[in-house]
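Colleague: I have a model to learn from. Can you walk me through a few parts of it?

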Amino acid sequence: MIKTRIAPSPTGYMHIGNARTALFNYLFAKKYHGEFLLRIENTDLERSKKEYELDILGNLKWLGLNWDGEIIYQRERSPVHREYLEKLLGEGKAFYCRHSAEELAGEQKEQQTNKTVLKHNCDHKDKSLAGGVIRLKNQNKKIVFNDIIRGEVTFDSELLGDIVLAKNLNTPLYNFAAAADDHDTEISHVIRGEDHLSNTPKQILIQEALGFKRPDYAHVPLILAKDRSKLSKRHGSPRLGVAGGTAVTEYKNAGYLPQALVNFMALLGWHPADNREIFGLEDLIKEFDLARVQKAGAVFDGTKLDSINNYHIKQLVPAELAQYLKPYLNDHSPSDEQIIKIAHLFQDRLNKFSEIAQLSAFIFNQPEYDSKMLLWKGASPEKTKNNLETILMILEKLSGDSFDIDSTATEIMPLANKTGRGEMLWPLRVALTGLEKSPGPFEIMEVLGREESINRIKKAAGKL
RNA sequence: GGCCCUAUCGUCUAGUUUGGUCUAGGACACCACGCUUUCAAUGUGGUAACACGGGUUCGAAUCCCGUUGGGGCCGCCA
């Protein structure tokens with residue numbers, strides 16, 4: 001039975017790196033009809049917060065990465081951890097280290113100046129006095145494990161010293177708790193970020209001391225910021241220019257579709273054998289293969305995310321898109337019917353939903369612009385005014401009920417073809433939007449309606 | 001500094017396991033052209049990479065060694 005897990009600590013908002021690790025764990029488990037577990041590593045009492053936990057849960061659900069079974073809270077497993085610690089202590093595999101923080105700091109400082117390995121080889125191993133932290137007795141051996149992505153990886157455990165397992169019997173530390181929980185929940189494959197590669201030998205040492213079976217490992221490459229450093233909270237927000245933020249919630253708020261984010265994250269470090277790049281979660285489950293995961297880190301390119309999001313937005317039906325757009329248009333409280341029209345108007349050009357506010361501003365506010373903008377490539381003000389007035393006459397004859405893209409276009413286009421499309425249509429579009437770039441005039445008029453369209457054109461004619 | 005990982009277009013990557021079909025393919029971005037009232041969308045085309053140095057071999061992006069570069073870790077955090 002294939003069993004994977006995502007084991008975030010609730011000490012910060014879920015970020016892109018966690019999300020992609022979760023995705024790979026999910027895909028791998030589902031591909032082999034196994035289970036994907038969620039373990040909340042909340043042993044750090046001071047830094048763990050409910051708010052962060054809820055953020056993680058919410059984002060996993062949002063992305064569609066539903067976990068199997070109950071959530072495992074690491075802290076609740078504390079009695080089991082204690083049993084394991086007592087076992088190791090009893091067998092003489094672990095011991096209490098009573099060195100003070102000052103002593104250890106001094107030792108470390110000395111190692112730094114001597115440029116030797118930073119580690120603690122304790123000389124309290126044989127004194128069985130309780131108190132102080134619990135350390136694992138170093139066995140000084142080579143540790144070799146096979147990483148599914150990287151192949152054989154070797155560490156020399158001597159360089160690790162006597163690693164700390166727990167602050168005390170009731171307070172286990174990360175490596176110990178992770179090894180114990182992975183074993184007890186029968187995790188078959190530990191898939192995690194490369195930043196954990198150097199934790200693996202420690203966890204293997206703990207497994208061996210406890211007589212546990214070793215799971216398979218796969219260390220996925222890290223997601224890098226533009227400067228090629230590990231993506232961290234310091235790297236900007238997607239709202240401030242091209243994406244580069246780290247919290248999944250930021251992407252959600254900025255108006256990215258979960259399926260786009262999943263699609264994009266899957267391609268960060270993984271690629272199918274063929275050239276396809278558009279994938280839904282179900283396709284990914286079918287295609288995903290750990291052996292095809294890249295070894296080197298991948299730079300997060302927000303531009304490509306935008307492009308993938310744009311693709312997925314274009315797949316939505318307008319009514320669906322309208323629902324997504326609604327929260328970003330709250331300032332103007334448009335009707336549902338109006339939002340659907342707006343959705344239709346901008347569907348092809350949206351990279352993310354948050355762009356809609358600015359893109360559609362001209363619909364809700366009277367445009368301000370210089371009268372010169374109305375002139376198409378050297379056209380005279382007189383002629384342009386004349387053209388606008390001709391359009392006005394036509395529009396005024398149309399009734400409000402039949403005022404749509406078809407009726408306005410069929411009335412105006414023959415004239416535009418005769419006069420010159422640019423001379424007719426450019427000023428009309430500017431009159432309606434006040435912008436150099438925008439959707440076409442007939443589509444816009446349908447959204448604005450007869451009265452508003454006529455008003456804006458009158459105003460424009462008045463400027464000339 | 002030590003240990004570990006890693007190295008194909010600006011970015012994500014195919015190709016590396018089973019050397020020749022690679023004058024290195026795709027996507028994003030960029031540029032040009034077409035369509036078009038503008039922009040977007042779309043279509044066509046283009047610029048752009050095997051880090052370097054040694055081997056092995058008839059032949060290396062692909063195998064080996066070294067160098068250089070990049071990254072991660074080195075907490076009584078996870």
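Modeller: Start with β4, which runs antiparallel to strand β5 (residues 133–136) and is joined to β5 by four bridges. Strands are DSSP runs of E, at least two residues, and helices are runs of H or I, at least four, all numbered from the N terminus. Two strands pair if DSSP finds at least two bridges between them. This is a predicted model, where local features need pLDDT of at least 70 and side-chain atom pairs 80 or more, while totals for chains, interfaces and linings use all residues. Residues count from 1 along each chain as written, chains are lettered from A and ligands numbered from 1 in written order, and side-chain values use heavy atoms, without hydrogens and water.

Colleague: Is R39 buried or exposed?

Modeller: R39 lies in strand β2 (residues 35–40). Buried means under 20% relative accessible area, exposed over 50%, partly exposed in between (1.4 Å probe, protein chains only). R39 has 2% relative accessibility, so R39 counts as buried.

Colleague: Which residues of α15 are exposed?

Modeller: Helix α15 covers residues 381–397. T384, N387, L388, I391, L392, I394 and L395 are buried there. On the other side, the exposed residues are E382, M393 and K397.

Note on methods. Expected span 1.5 Å × (residues − 1).
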